[in-house]
Amino acid sequence: MIRFEQVSKTYRGGHQALQKVNFHIQPGEMAFLTGHSGAGKSTLLKLISILERPSAGGVFINGHDLSKVTAKQIPYVRRDIGMIFQNHRLLKEHTIFDNVALPLVIEGYSLKQIRSRVETALDKVGLLDKQRYYPMMLSGGEQQRVGIARAVVNTPPILLADEPTGNLDPKLSLDIMRLFEDFNKVGTSVLIATHDLGLIARMKYRTLTLKKGRMLSNDALASEDSFA
Amino acid sequence: MSILFGNRNNTGASQRKLSLWQKLIGLVLANIRQWLSALGEIWRDPIPSALTIAVLGVSLTLPATMHVVVKNAQVVEQHWQNAAEISLFLNDGLSSKQLTAFVKQVELNSKVESVELITKNQALTEFENLSGFGDAIKYLDVNPLPNVLIVRPQTDHANARAASLLLESLEQSREVNFGKLDIEWLRRLNAILDMVKDAMSSLTILLFASVVLIVGNTIRLSILSRKEEIEVLKLVGATNSFIHRPFLFTGLWYGLFGGTLAWLTIEVMVYYLSGSINQITSLYQSNFSLTGLSPSEMLVLLLISMTLGLLGSYLVVRKQIKLIEPDAN
C-alpha cells in the first residue's frame, strides 16, 4: 500500500532527514512509526502526503509512483489520505460540523450526503451531540477526535497520524488508539507516528523505528513480493 | 476522482455517480453558496471591508461624476447650439425699398425662423452708447456701419453644419456683402468639451487601475490573515481553484458595494446641486434640469465595478494561494 524504496531526503541547508529508507505497509495493515524527535518521522509522513518530495528514491502508494504526480494532481492524492495532526488543525471560526464536512464540501458532495456522512463520522468518535460547538469549546482529546472524524469522513484507504496522542493523558490516548484500530478493522491502512513507546508496547502492531534518518527494525521488505 | 485508487469503491463512491444535469445544478448551487459565504466573510470582518468599500466608492465616484458632468454639459451645449445666429452684413447703397424686400424674402425662407434688422443708424447709436467713442464718431462724415440682418435658423437648421449651409445660400444674394455665422465660440466649446472628455478617459483609466489595486491589496491581506485556514484546506485536498473561489467572490462583492456606494454618492450630489442649478437656469429662462445616472448607466457602473473587483482579486489570488504551502506540524 505504502512503499518506500531507498528514499533519502535532504533539506535545503544540508540537513539529512532520511537516508535510504525502505519499508512497505500492506493494504489493511496498521503500523507504528517511532523514533526520537528529529529522527525523521514527520518528514516520512510528509513524503507520503506530498508535502515534501524525496531527494532520492521512490515513494509508491498502491503501486503508483508519487514522483509522477503533478502539482495539479496533489489535491486528489490527499483526498485518498486521511491526515491527523498533533495540534488538530481545526478551523476555529467554524463549527465542529463544518470542520468535519470540509473534505466532503471540497469533493462536491450534496448537502444530504454531507449531513449523513458527517453524522456517521461524529457518531463514531462519540461527538455527535457537539456538532454545533466551536473547536475552542472542546477539550484537547475531543478536538483530536474531531480531527480524526475529519480524516475519516470520506473513508480514505490510508490514514496517517502524526503524534495524535501527543498532548493527551494515557487513558485518552488509548481511546484514540482504539478508534484507529476500529478503522483498521474495516480495511483502512493506518500509519501512526508516535514516540509514546508505552502505548506501542500495549498494542501488538508492527513498529518501524527511525534513528537519525535511518530505518532500524525493518521487517517490511520480507513481504516485498506481495504488494498490491 | 481518485488518482491512486482507480477502483476506490466505498459507499460514498457509488452514491457519487451523478448525472451531468445533477452535477450542473450542484455546481450552480455550490457557487451561490460560496458567493453568499463570501458575503459572510466580509460581514465577519466589517471594519477593513467597510474602509475598502469606502475607498472604492470614492475612486468610482470621480469618473462617474465626470461622466454626469459631461453628459449634462452636452445637453446644455445642444441647447446653445439652437441659438446659432447668422449675421448678414448688407451692401451699402441699398434703397429702403430694396432693403424691405430683401428682409421679406429672407423671412419667407423655410429654413429661417425669424429675422431682425439692425439698420446702420441703429447700429451707430448703439455703438456710440456702448463703446464710449461717441465723441470720436461725431467727427466722421458718413456712418461707416452697414445694415445688418440677424437671421435665426429653424431648429433643425440650427446646428453648425446646416447653419453654415444656410449662410452660404444667403451669401449668394446680391444684397449681401458678407455673412458671419456666430458659431466659432460653439466650436471652441466643443473642442473644450472634447478635451475634458479625453482628460476624463485618462483619469478614468487611472482610477479604475486604483480600484483594481485596492481590491487586490485588500484580498492579499485577507489571504494572509487566513493563511492557516488555507493550509488546512490544502491538507485535506482542496484544489487551488476551490481555494481561489471565495476570494474571487469577495472581490466581486467589493466591486458591487463600491459601485453602489458611488451611485448613491452621485444621487446625493445631484440632489444637492439641483437646487442651485435650478436657480441659475431659471435666471436664464431655460428649462434645463440636472440629470443623474440613468438605470442603464447605473447597471454599467455596477458591471464595471464588479469586473474591476474580480480582476483585482484574480490577479492577487492566483499568486498568493500558490505561495502558501502547508506544513504538517
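Predicted model: local features only at pLDDT ≥ 70, side-chain atom pairs only at ≥ 80, totals over all residues.
**Figure 1. Packing of helices H10 and H11 in chain B**. Helix H10 of chain B comprises residues 240-283, and helix H11 of chain B comprises residues 295-323. Their axes are 7 Å apart and meet at an angle of about 150°. Because angles over 145 degrees count as roughly antiparallel, H10(B) and H11(B) are described as roughly antiparallel to each other. The crossing of H10(B) and H11(B) is right-handed. The residues of this contact comprise 17 nonpolar, 13 polar and two charged.

**Figure 2. Domain division of chain B**. Domain 1 of chain B is made up of residues 33-79 and 196-323, whereas domain 2 covers residues 85-182. The centres of the two domains of chain B, taken over C-alpha atoms, are separated by 55 Å.

**Figure 3. An open antiparallel sheet in chain A**. Four strands of chain A are arranged in the order S2-S1-S4-S5, with antiparallel pairing. Strands S2 (16-25) and S5 (64-65) of chain A stand at the edges; each has a single partner strand, so one side of each is left without a neighbour in the sheet. Strand S1 of chain A, residues 2-10, runs antiparallel to S2(A) and is joined to S2(A) by six bridges. Within this pairing, A:Thr10 has A:Gln16 in S2(A) as its bridge partner.

**Figure 4. Strand S9 of chain A and its pairing with S3 and S10**. Strand S9 of chain A (residues 206-211) pairs in the parallel sense with strand S3 of chain A (residues 30-34) over four bridges. A:Thr34 stands opposite A:Thr209 in S9(A). Strand S10 of chain A (residues 214-215) runs antiparallel to S9(A), and two bridges join these strands. A:Leu210 has A:Met215 in S10(A) as its bridge partner. S9(A) and S10(A) form a hairpin with two residues between them, and A:Lys212 in the turn has a positive phi of about 50°.

Terms used: Residues numbered from 1 in each chain as written. Chains lettered and ligands numbered in written order. Axes fitted to C-alpha atoms, helices over the stretch in contact; angles between N-to-C directions. Parallel < 35°, antiparallel > 145°, perpendicular 65-115°, else oblique. Left-handed = near helix turned anticlockwise from the far one by under 90°. Nonpolar A, V, L, I, M, F, W, Y, C, P; charged D, E, K, R; others polar. Pairing = 2+ DSSP bridges. Domains from an automatic or database assignment.
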